[in-house]
Structures are given as C-alpha cells and as structure tokens.
Amino acid sequence: MRPFATAEQLAGVVAEVFGTDRRIVTIDRLPNGSKKGVYRLGLDDATTTIVYIWDPAEDYWSDVQDADHADRADTFSHASGLDMFEAAVNRLESVGARGPRLLFADRSRALYPADIAVIEDLRGGTLQALLEKDPDAGREPLAVLAGMLRLMHDYPAPRFGQVFTVDRGLPVNGESGVRVILDRALTDVQEAAKRDDRVRAGRSTLTEALQDLASRVTAPPRIGLIHGELGADHVMLADDGAPVLIDVEGLAYFDIEWEHVFVRMRFQEHYAPLRREDLDPDRMRLFQLAMHVSLIAGPLRIGSGDHPQAAWFRDLAALHVREAFAFAAKEAAG
C-alpha cells in the first residue's frame with residue numbers, strides 16, 4: 001500500500017498559503033496523477049485548492065522505468081518534477097496560452113517531505129466531459145484552445161528538447177525530431193515484444209515500416225511549443241469557461257506534427273477546429289505509427305505495476321497493437 005498524503009501532513013502547507021485560520025476539512029487524491037500526487041483540498045471556508053506532490057511514493061512509473069528515465073537531455077524522458085512544472089507554466093504564459101495558476105511552490109522539505117506546489121482548483125470539469133455531454137457548448141472553448149495551440153505551435157523555438165532543458169541552455173540528445181522519434185519507436189517495439197506475443201511475432205513488420213516511413217521525410221522541420229499528450233482530458237475549464245492546459249511538465253519544443261497526431265487521435269470528431277493545413281504528411285505518417293507503438297510500450301510497462309488502473313492500460317496497449325499493425329499494413333499496400 002502506497003503512503004499517500006494526509007490532511008495532517010498538509011496542514012502546514014495550507015497555513016503557509018492561506019493563513020493559520022484555514023483548516024482542511026476534506027482531502028481527495030484525484031485519479032489523474034500517475035507521475036505525481038494530485039490532491040483536492042476542501043477548506044473550512046468552502047473553498048478548494050489543488051496540491052501537487054512529487055514523491056517516488058506518488059509515482060507509479062518509478063518501479064517500471066529504466067534507471068536513466070530522468071535524463072533531461074532526452075526530450076521524451078520521464079516528465080515529472082516541480083522544476084519542469086514551473087518552467088512549463090512560465091513558458092505557456094509567455095506565449096499567451098493558459099496553464100494552471102501557481103499559488104505556491106516549495107522545495108525546502110520543511111512543510112512536507114517532498115517538492116510540492118499549490119495551484120488553483122479548476123472546477124469547470126474537463127473539456128472532454130463537456131464535449132461528450134454538450135458538443136455545442138464545447139465549441140467556444142474548443143475555438144479558444146485552437147487559438148492557444150496556434151500560438152504555441154508558431155512559437156519560434158530555438159531548438160528541440162524539453163522546455164526545462166532548452167530554456168536553461170542544457171544539451172539535448174538527438175540530431176533531429178524525426179531521428180528521435182524513429183529511435184524511440186524502434187526501442188518501443190523491442191520493449192513491447194518482450195511483453196506482447198503479437199508484437200514479438202510481427203516485430204520485423206513494425207521495424208521495417210518505421211524505417212521506411214522515416215526515409216520518406218525530407219521537408220525541413222517546423223519546431224514549435226507542444227504539450228505532448230494533449231487530449232481533451234488534459235484541458236480543464238476555468239470558472240469563466242476558458243480552457244486551461246494541465247499535466248504540462250512534458251512541455252517541449254518539437255516538430256508540431258507530433259502534437260497533431262496525438263490531438264487528432266484523442267479529439268477524433270472534434271479535431272476539425274484544431275486542424276492546420278501546413279503539416280508535413282510524411283512526418284504525420286511516421287509519427288502516427290510511432291505513436292501507436294509508444295501507446296503499446298508505455299501502457300504495457302505501467303500495466304505491469306501496481307497502478308489502480310493497470311487493467312485499463314493493458315487494454316489500451318491491446319487496442320494500439322491492433323492499430324499499429326493495421327496502419328503498417330495500409331502503408332505497405334500503398
């Protein structure tokens with residue numbers, strides 16, 4: 001049983017941020033945190049706030065990742081940590097996009113034995129829930145989100161890499177976004193083959209398809225600011241209905257086609273307002289297959305651990321096994 005935070009442990013944090021006359025009356029660990037603890041605190045003045053906790057006990061990936069998973073020179077390394085969160089929200093604000101409003105951050109371990117952040121509580125629900133319930137009502141926040149993505153993707157990024165890494169002038173691994181994605185996808189195929197029989201049997205099919213698709217990419221990259229995992233469930237609605245991006249630690253400067261492959265996959269019939277016509281189709285095809293492969297390897301990895309939704313992750317991997325082979329077959333057929 002993992003040791004999660006208690007109201008008693010967070011009482012000092014609340015006193016520091018909201019004053020000593022505020023008391024926690026409810027505490028709920030929200031289910032959307034797999035790399036960090038996400039807690040909603042209800043206070044005795046009927047207000048609420050969110051606390052992020054970066055602690056190995058809160059990170060379900062810590063026991064299923066390689067030892068070098070936190071290499072910040074790797075654009076797709078384990079994106080978690082207070083430093084990465086602060087860098088991401090600052091960059092989003094600088095380009096005119098909206099991330100969670102940071103109320104308090106502490107690395108001292110004096111108030112709690114881990115890095116923590118207190119942020120605004122966004123009680124409007126997710127954009128995903130709104131689109132499922134009332135697509136017409138979702139049109140306005142979807143249009144605002146489209147504008148935010150345009151600002152992010154048109155940002156003149158200096159080079160590719162995690163925002164935290166690039167903004168500090170630190171080195172980044174890889175010669176190009178395409179090469180990074182290809183190498184990562186080939187590694188994902190090898191890892192997935194150890195856990196899934198169909199991938200093991202069809203490993204050469206996926207490997208050859210990835211290499212072929214990568215060889216077709218000739219257009220120069222368009223590197224912008226991307227979220228990296230932007231589904232409608234990672235967009236919360238503020239009290240004024242405005243969309244707010246969450247889970248932003250993985251914010252990166254990268255080929256914008258990588259973002260659009262994921263956004264298209266997750267938004268499905270609601271993708272049209274977010275579409276742009278200047279994307280490189282060859283990158284889109286390579287990244288599409290690489291995304292399927294990533295969504296096999298990653299879910300199989302965390303599905304092997306003690307995450308409470310491990311079965312859901314294994315089902316997700318099974319879905320993308322089917323999608324990957326279907327896509328590879330379609331590309332092979334021309």
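Three strands make up an open sheet, ordered E6-E10-E7 with antiparallel pairing (strands, E, are DSSP runs of at least two residues, numbered from the N terminus, as are helices, H or I, of at least four; two strands pair if DSSP finds at least two bridges between them). Strand E6 (161-162) and strand E7 (223-226) stand at the edges, each with a single partner strand, so one side of each has no neighbour in the sheet. Between E6 and strand E10 (residues 252-255), two bridges provide the antiparallel pairing, and Gly 161 stands opposite Tyr 253 in E10.

A word on the basis of these values: this is a predicted model, in which local features need pLDDT of at least 70 and side-chain atom pairs count only at pLDDT 80 or more, while totals for chains, interfaces and linings use all residues. Residues are numbered from 1 along each chain as its sequence is written, and side-chain values use heavy atoms, leaving out hydrogens and water.

Turning to strand E3 (residues 48-54), Thr 49 lies within this strand. Thr 49 counts as buried because its relative accessibility is 2% (buried means under 20% relative accessible area, exposed over 50%, partly exposed in between, with a 1.4 Å probe and protein chains only). Its side chain reaches the backbone oxygen of Ile 119 at 2.9 Å. Beyond residues up to four places away in sequence, Thr 49 touches several residues, including Phe 18, Tyr 39, Leu 103 and Asp 121 (contact means heavy atoms within 4.5 Å).

Leu 274 sits in the loop between helix H9 (256-267) and helix H10 (281-303). At 5% relative accessibility, Leu 274 is likewise buried. Its contacts outside four places in sequence include Leu 142, Leu 149, His 260 and Phe 267.

Definitions and conventions: Polar contact = N/O pair within 3.5 Å; in protein donor to acceptor, adjacent residues only side chain to side chain.
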